[in-house]
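Please find below my notes on the model under review.

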Amino acid sequence: MPELPLPPSRRSFLKLGGAVGAGVALGGLRPFAANADVVRPAAEDLAPPSPAGTLWYPAPASESKIIEQGLPIGNGRIGALVGGDPAADFLYLADASLWTGGPNDVLQDDGQFPYDLEKFGTLGLLAKLRIAVPAHTGVTDYRRTLDLGNGLVVITYRYQGVQYRREYFASHPDDVVVVRLSGGPVTGSVSLEPTRGEAAAGAGAFTGAFANGLKYACTVTTSGGLTFSGSSEVVVVLSGGTNYVPDAARKFLDASLDPLVLAKRKAAAALTVGGGVLRATHVADYRRLYDRMSVDLGQSPPAKRALDTWSRLVARHDQPGVPDPELEASYLQFGRYLTITGSRDGLPMGLQGLWQNTNTPDWMSDYHTDINLQMNYWLADRAALPGSFTALAGYCLAQLPVWTDSTNRLFNDPRNRFRNTSGKVAGWAVAFSTNIYGGSGWWWHPGGNAWLCNSLWDHYSFTQDKAYLARIYPLLKGAAEFWEARLIPMTVDGREVLVDDHDWSPEHGPQDARGITYAQEIVWDLFEHYREATAVLGRDRAYGDRIAGLQKKLYLPKVSPSTGWLEEWMSPDNLGETTHRHLSPLIGFFPGDRIAADTAPRELLDGVRALLIARGMDSFGWATAWRSACWARLKDADRAYQLLLTVLRPSVANGNGTAPNFFDMYSQGSYTIFQIDANLGAPTAMLEMLVHSRPGVLELLPALPPAWAASGRVTGIGARGGFEVDLEWRAGKVTRAVIRSVGGTRLEVRAGTWRRAITLRPGASVTVRPS
C-alpha cells in the first residue's frame, strides 16, 4: 500500500468462458427469476465440524471493534459483519457496487488523477441491521462460531435453562442475507438502519441515490413481522443492492432498474421458502466449492484445541516452539472462505473485499493495481476455486473501453511525468487505483496493465481454457500495443535494448527512472503470454511475431556489484528504501517465472536471495506474505514459515498482524485498518510450500516446514499447466500423490531428487509414490 495522504475520514451462477461458463460478470442485484433456477436439496445436510474448520469465541463482538471482531458472511455481491449479541445484535452490510464517484477522467495540474471521495469515489456501507431481544441478557454457555465447512456464522447460548441458536448466512442462490433465530420463544424486533440519512420507503426499507446516478435500496422482512412475540423461530431476510451494471456503453448504470422493487421481490420469495430450506440451499451451494479442497497439516495438541481462536493466536505467538498446525490449516481455509464468499459472479475483491465498517474507508477501499488486487487472486486457482477468479476477468473486460479511451486521450498529456516521450500512445493503461466506473485515481501506473494481464493469463495457465483465453485476448493485445508504443531504445554495454520510459518502482525511489526492473520483468512476461496466446488461438500471428521480436530486445536486470542484490533501477546503486514493503524488482521471480530456482544462473538467484534478505523479515501483512512466497520458491522452508507466523501474530496495540476474527490488520500507527490481501496471499504462500508448479514442471513439498512435516494431506491443489494435485506425506517425504488433468497433458513430477515424466489425457489421473 502507498504511503499516501489519507482520505477525509482519516486524513444458476454466471462465469467467464468455456469450461468456466459463458456469461459476463454482474454488478448490482442479480436478475429475479422467482427462484426458478435454484436447486433445492431434499434435506438439510451440515458437514460435521473439523479441527481446522471452526473459528470460535466465548463472547459477542464489540460494535466499536466490528472490523476486528465481527465474523464475515457474503455471497460474492453482498457481505456482512456479524456481531452476535443475544440481546442487541447487529450486522454491518456492504454491497460491492455501492460506489460513489465516477469516471474521474480530468487530470490535475500535475497530469495525474484526483484521488478523493468526490471525484474518484469510495466503497461504503449499505446498511446496519439490528435485532433486539431485550430479555436475553446475562446468558450462559455463550459460543460464537464461524463454521468454515458449512459457510455459516452460528451463536449458541442458554437463557433461563433454554438452549438458543442463531444462524447467519448470505445465500448466493437466493441472493439474500438470512438470520435464523431458533431454540425457544423469543420476543423482540428487527430494524434497518441507513448510514447516510436515507429516507424510509415503508416499514423496514429505504432507498437512496448518489450524485453519480447510482440508485440503491435495502429492505428487511421476517417470518413474523418486524416485531415478534413468543415466536419459536424467527427468520429474518435482508435484500438490497444497486442498479450498477458492468457495461461501459450504459455508463455502468441500468436506468430502468428499481433496486427497491427487485430487493423486495427477492426477500419475499426467499421468505416463502422457509429458514430450513434456505439454509440447506445455501450450504449445498457453498460446499460444492469449499469441499473441492481438504487441508490436513497435522494434529494440534489437545491443549491448543481447547482454546478459543484468539487465545490460540496469542499462544502460537507466545509459545513459538509449540506448533499448532490445525490453527494454520484453518487460516488457509479461512482464505478460501473469503474467496468463496467475496468473489463469485460479481465485482472482484478490493482492499477490504465485501466487508466494511465505515462510509469513508482508507484508500477508498479501492482496487490497487500494483500488488493488492493481484494478490487477492493468487489463491483462487491454487485453492481449487477457479470460478472465483472470473470476477477479476469480468471487471477488467467491463472497464476496458473506458481505460482505452482515457489512455489515448490523457496518457501523453505534457504534464504527466510518466508520459511516452516517443509521442506515441496505443492500447490501454491504468493508474495505481481504479474504481468500478472506469475511473483511475492517484498516479498513472504504466506497469499496471501488464500485471493485470499476467494475472489473467495465470488463470488460463491453471485451467487451459481456450474460450476464456479468447475472451481476455483484447486485454492482452491492448496492453502489448501500449508497451510497443512506450518502450524506448537505449544502448547498454554496446547493445541496443528496449527499456521502460520514465517510471517509478512501486512505491519508492526516483519517479523518473528508465528501465526499472519491475517494468522490464512484467513486460517480458506480458510479451511472452501474448505471443503464446496468438499461437494458441491462431490469431494475429504476424503481430505476435513482432511482439516476440520486441521481447528479445528487452533489457533484463543484472546483479548489482555494489549491493549484491538484483538491481531495481537499472543502476548498481540502491536508490530507495532498503527494507521497503514492496518486492517490485522480484516480480520476475514471484509471481513470475522468468527467474526460476532450477534454471536461472546462480548469480541471479544469489541476487534475488540477497535482495530478500535486505528487505527483511517483517512488514505489513501483504508484504510479509509476498516475502514468504518468494522464500518458498527458493525452497527455504524455515524463512517461508517464519514469515507466515509473522502474518499470524496477534494484532495488538494498533500493530500489524491478525485480528481475533482472522482479518489482517494494517497498522497506521494510531489505528489499524483491515486489508484482505494478506488473508489471501499468506495461504498462497502456504500452498507454494507444498506444491510449486509452472507449465511442464510440478514439484512436491519444495519447502515443507518442520511444523507440518510429521504427516499431512491436502487435496485439490491447482497446478499451472492444467492439473490438480492430491498430496500425502509422512516424516517430511511424499508418500502418495494423485495428479489429475484439467486440460494439461505433459509434465515432469519432482519430489526431492525423484523425477518422473507423465503424459495424461484431459480428465485422466495418475498416482505416484515417490518414496
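1. Strand E16, formed by residues 440-445, is mostly covered in this predicted model: 6 of its 6 residues are buried. Its partner is strand E15 (residues 430-434), and the two pair in the antiparallel sense over 4 bridges. Within this pairing, Val-430 stands opposite His-445 in E16.

2. The hairpin of E15 and E16 has 5 residues between the strands. Gly-438 takes a positive phi near 80° in this hairpin.

3. A separate region concerns an open sheet of 4 strands, in the order E24-E25-E29-E30, with mixed pairing. Its edges are strand E24 (691-694) and strand E30 (754-759), each of which pairs on one side only. On average, neighbouring strands of this sheet are turned by 15° against each other, direction ignored.

4. Within that sheet, strand E25 (residues 697-700) and strand E29 (residues 746-751) run parallel and are joined by 3 bridges. Glu-699 stands opposite Arg-750 in E29.

5. Turning to the whole chain, the model contains 17 helices and 31 strands. Its radius of gyration is 25 Å, close to the 28 Å that the globule rule gives for 771 residues, so the chain is as compact as a globular protein of that length. The C-alpha trace spans about 85 × 60 × 50 Å along its principal axes.

6. As to burial and surface, 64% of the 771 residues count as buried. The chain exposes about 25,000 Å², of which carbon and sulfur atoms supply 52%.

7. On charge, the chain carries 75 positive and 76 negative side chains. The centres of the two sets lie 5 Å apart.

Methods
Residues are numbered from 1 along each chain as its sequence is written. This is a predicted model: local features need pLDDT of at least 70, side-chain atom pairs count only at pLDDT 80 or more; totals for chains, interfaces and linings use all residues. Side-chain values use heavy atoms; hydrogens and water are left out. The radius of gyration is taken over C-alpha atoms; the globule rule is 2.2 Å times the number of residues to the power 0.38. Buried means under 20% relative accessible area, exposed over 50%, partly exposed in between (1.4 Å probe, protein chains only). Accessible areas come from the Shrake-Rupley method with a 1.4 Å probe; for residues, only the protein chains shown count as cover. Lys and Arg count as positive and Asp and Glu as negative; His and the chain ends are not counted. The place of a charge is taken as NZ of Lys, CZ of Arg, CG of Asp or CD of Glu. Two strands pair if DSSP finds at least two bridges between them. Axes are lines fitted to C-alpha atoms, for helices over the stretch in contact, and angles run from 0 to 180 degrees between N-to-C directions.
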